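Look at the sequence and the 3D structure below. Then read on, one part at a time.

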Amino acid sequence: MQNISYNLEGKVAVVTGGSRGIGLALAGEYLRQGARVVICGRKQQNLEAAKEALQGGDNLLFIQAHIANETDVDNLFQACLSKFGQIDILVNNVGMNLLTPTLADTEPALFQKIIDSNLTGTYLCSRKAAQAMREQKQGKIINISSIAARRAAPGMGIYGIAKAGIEMLTKVLAAELAAYNIQVNAVAPCMVRTDFSKPFWSDPERCRQAESRIPFGRIAEPDDVVPAVLFLSSAGSNFITGQVIIVDGGATIV
Ligand SMILES: NC(=O)c1ccc[n+]([C@@H]2O[C@H](COP(=O)([O-])OP(=O)(O)OC[C@H]3O[C@@H](n4cnc5c(N)ncnc54)[C@H](OP(=O)(O)O)[C@@H]3O)[C@@H](O)[C@H]2O)c1
């Protein structure tokens with residue numbers, strides 16, 4: 001029996017959108033587990049605030065990058081390899097949602113924007129990470145999906161389509177990269193208390209409605225999501241690939 005540990009000493013993790021919410025919680029946990037961490041985000045002020053909160057010193061690098069911009073993504077991974085010389089873990093954590101009308105009433109530009117900030121960005125980052133991980137003959141890619149990938153929720157249609165695409169991207173990458181000892185998996189949370197979903201949980205009636213659909217009777221906190229990602233980052237998940245761990249307090253079973 002192998003000695004299973006979540007210790008990530010010597011590992012390098014890239015967390016996209018690591019300046020707030022789930023990504024920030026993950027970056028903090030990776031640092032606590034001994035990894036060196038690269039975070040990215042669009043806004044410098046959010047990255048500066050995260051740097052202050054994380055206190056990662058020389059083990060933390062932050063890069064301003066929009067994940068749907070190919071040049072930004074190339075720079076992000078170049079900066080990671082230049083500073084740390086390797087990339088062992090990529091968490092495609094960035095997600096973006098805008099409330100949308102029915103598909104029939106949505107302008108194509110809005111559709112494209114939501115697909116790009118979720119699916120295309122995840123593809124661009126996975127592509128660069130996979131190139132480096134193939135050379136290293138090891139790596140872990142973890143995509144943050146959502147239970148919206150399996151429900152046609154009014155106003156969240158395009159986001160759900162993008163997340164469903166991310167789950168298929170997870171399977172395709174898992175199949176293509178297995179020969180290189182690279183595991184690709186996803187984590188799909190229900191509503192999590194972050195800025196992303198604040199319009200929902202900060203409204204008491206909407207929050208109560210959301211909680212009533214969750215058997216555990218509450219929405220998730222970022223720290224509810226972190227352990228699943230940590231497991232998929234660790235050696236304990238070395239024989240698991242192409243899977244989605246649903247972290248939803250039971251919401252999708254009822
Ligand atoms: N919160 C929920 O209820 C919930 C539920 C299910 C799934 N999820 C998924 O969980 C993931 C994390 O969500 P969260 O709630 O932690 O979000 P959040 O609080 O809104 O944080 C998003 C992070 O991503 C960065 N970001 C946003 N767009 C970006 C882009 N195009 N390029 C680079 N960085 C970008 C943000 O920084 P800047 O603004 O400075 O760019 C921030 O660091 C997402 O994939 C989301 O879809 C969330």
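## Around the ligand

The ligand has 28 residues around it, and Ser19, Arg20, Arg42, Tyr159 and Thr194 come nearest. A residue counts as near if one of its heavy atoms lies within 4 Å of the molecule. This is a predicted model: local features need pLDDT of at least 70, side-chain atom pairs count only at pLDDT 80 or more, and totals for chains, interfaces and linings use all residues. Residues are numbered from 1 along each chain as its sequence is written, and side-chain values use heavy atoms, with hydrogens and water left out.

Some polar contacts stand out here. A polar contact is a pair of N or O atoms within 3.5 Å; within protein, one must be able to donate a hydrogen and the other to accept it, and residues adjacent in sequence count only if both atoms are side-chain atoms. Tyr159 has a polar side-chain atom 2.5 Å from an oxygen atom of the ligand. In the side chain of Arg20, an N or O atom is 2.7 Å from a ligand oxygen. Val94 takes part through its backbone: a polar atom there is 3.5 Å from an oxygen atom of the ligand.

Helices (H or I, at least four residues) and strands (E, at least two) are DSSP runs, numbered from the N terminus. Strand E2 spans residues 36–41, and five of its six residues are buried, so the rest of the structure largely encloses it. Buried means under 20% relative accessible area, exposed over 50%, and partly exposed in between (1.4 Å probe, protein chains only).

Two strands pair if DSSP finds at least two bridges between them. E1 (residues 12–16) runs parallel to E2, joined by five bridges. Thr16 has Cys40 in E2 as its bridge partner. From E1 the chain passes through helix H1 (residues 21–32) to E2, a right-handed β-α-β crossover. Right-handed means that, with the strands pointing away from the viewer, the path from the first strand over the helix to the second runs clockwise. E2 also pairs with E3 (residues 60–64), again parallel and over five bridges. Here Ile39 stands opposite Phe62.

## Helix H2

Which residues of H2 are buried? They are Asn46, Leu47, Ala50 and Leu54. They lie on the same side of H2, because they cover an arc of only 100° around the axis. That arc is taken from the directions from the helix axis to the C-beta atoms.

The buried residues of H2 pack against H1, E2 and E3, where contact means heavy atoms within 4.5 Å. Gln45 and Glu52, on the other side of H2, are exposed. After H2 comes Gln55, with a positive phi near 50°.
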